[in-house]
Amino acid sequence: MAGRVAEFEVQGPWSLETSRRFWEGFTPTALASGLARPGLRTVFCAEGDWRRAEVEVTQAGDTAHVVLAGDGDLDAAAAQVRRFLALDVDGRGWLEVGRRDPVIADAQARLPGLRPCGFHSPYEAAAWSVLAQRLRIVQAARLRADLIARLGEDGAFPSPHTLARADLDLPGRKSEYLRAVAEAALDGLLDGAALRAVDPGQAVQRVQQVKGLGPFAAELVVVRGANAPDALPGHERRLDAEIAERYGPGRTLAEVSQAWRPYRTWAAVHLRALREQRTGEIAGR
């Protein structure tokens with residue numbers, strides 16, 4: 001197994017510890033908590049060659065130290081790590097959003113240095129969207145864990161090559177839709193860099209070409225899979241509820257989010273993270 005070490009400067013506020021705590025509680029791709037060593041460790045299939053890669057990320061001030069191992073293209077895997085941890089975004093203007101919006105300032109203070117992180121790739125986000133259709137999140141998480149145990153490689157979610165050929169036995173049309181997601185990934189339709197290179201609205205329309213992915217799923221793929229920093233979900237009822245709670249009745253997401261540009265994803269994720277801490281509605285607490 002080959003290895004690669006990379007270091008790069010992160011521009012703007014960043015706390016790996018805050019991001020790690022957020023990811024540890026992010027049900028779709030929850031990390032194991034209580035790790036003895038500092039840093040963040042995870043495994044994934046790297047886009048392009050879809051070979052398994054494992055990564056450990058540590059922080060020293062503004063510098064991210066990334067150690068990768070795997071048999072595939074580790075340069076591409078390193079770029080993917082930067083994207084799914086939102087370390088490729090210039091965050092130097094993020095605190096200015098808080099100066100414009102006291103609700104976001106409070107969220108920044110309560111989640112210092114958080115950068116949105118979640119799915120390793122749009123492909124994994126799309127697969128999760130299929131698994132979660134018409135199921136409680138904890139049930140979908142069990143389906144995902146079973147796929148990893150049966151078809152994955154040492155903890156990594158199955159590659160699209162594997163998923164496209166697998167004999168799946170899932171509820172409803174999930175098997176059909178998962179194969180469509182796998183084929184779309186192999187065709188490059190769910191490529192993270194390509195989705196980030198276009199306007200988020202165009203990216204959402206592109207993702208909706210995949211069988212089984214409607215508007216809500218496509219937004220998840222772009223916002224949490226490609227990790228677009230300035231996209232805004234239009235079909236997220238929990239976020240709408242949080243807006244009403246924090247900004248008052250009658251205020252809308254479209255209205256209040258104007259002050260969040262060009263970090264609308266970041267602001268929305270902060271509010272959703274705080275809501276989950278308060279309500280536990282996703283985890284079912």
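Which residues of helix α1 (residues 16-24) are buried? They are Leu16, Thr18, Ser19, Arg20, Phe22 and Trp23, where buried means under 20% relative accessible area, exposed over 50% and partly exposed in between, using a 1.4 Å probe and protein chains only. Please keep in mind that this is a predicted model, in which local features need pLDDT of at least 70, side-chain atom pairs count only at pLDDT 80 or more, and totals for chains, interfaces and linings use all residues. Residues are numbered from 1 along each chain as its sequence is written, and side-chain values use heavy atoms, with hydrogens and water left out. Helices (H or I, at least four residues) and strands (E, at least two) are DSSP runs numbered from the N terminus.

**The sheet**

- Four strands form an open sheet in the order β1-β4-β3-β2, with antiparallel pairing; two strands pair if DSSP finds at least two bridges between them.
- The edges belong to β1 and β2 (40-45), each of which pairs on one side only.
- Ignoring direction, neighbouring strands of this sheet are turned by 20° against each other on average; axes are lines fitted to C-alpha atoms, for helices over the stretch in contact, and angles run from 0 to 180 degrees between N-to-C directions.
- Helix α2 (residues 74-84) packs on the sheet and touches β1, β2, β3 and β4, contact being heavy atoms within 4.5 Å. The direction of α2 makes about 135° with that of β4.

**Strand pairs**

- Strands β1 (residues 2-9) and β4 (residues 63-70) run antiparallel and are joined by eight bridges.
- Two residues show how this pair lines up: Phe8 has Ala64 of β4 as its bridge partner, and Val5 has Val67 of β4.
- On β3 (residues 52-60), eight bridges make an antiparallel pairing with β4, and Val55 stands opposite Leu68 in β4.
- The hairpin of β3 and β4 has two residues between the strands, and Gly61 there takes a positive phi near 65°.

**Around helix α1**

- What lies over the buried residues of α1? The cover includes β2, β3, α2, α11 (215-225) and α14.

**Helix α5 against helix α8**

- α5 and α8 (residues 174-186) pack at an angle of about 170°, with their axes 9 Å apart.
- That angle makes α5 roughly antiparallel to α8, because angles over 145 degrees count as roughly antiparallel, under 35 as roughly parallel, 65 to 115 as roughly perpendicular and the rest as oblique.
- From α5, the contact is made by Tyr123, Ala126, Ala127, Val130, Leu131 and Ala132; from α8, by Lys174, Tyr177, Leu178, Val181, Ala182 and Ala185.
- These contact residues divide into 11 nonpolar, no polar and one charged. Ala, Val, Leu, Ile, Met, Phe, Trp, Tyr, Cys and Pro count as nonpolar, Asp, Glu, Lys and Arg as charged, and the others, Gly among them, as polar.

**Backbone points to look at**

- Most residues other than glycine have a negative phi, and most peptide bonds are trans.
- Arg134, in the loop between α5 (122-132) and α6 (137-151), has a positive phi of about 60° although it is not a glycine. Arg134 is exposed, with a relative accessible area of 88%.
- Asp154 sits in the loop between α6 and α7 (160-165), and its phi is positive, near 50°. Asp154 is exposed, with a relative accessible area of 62%.
- Arg261 and Pro262 are joined by a cis peptide bond, with omega about 0°. Pro262 belongs to the loop between α13 (253-256) and α14 (264-279).
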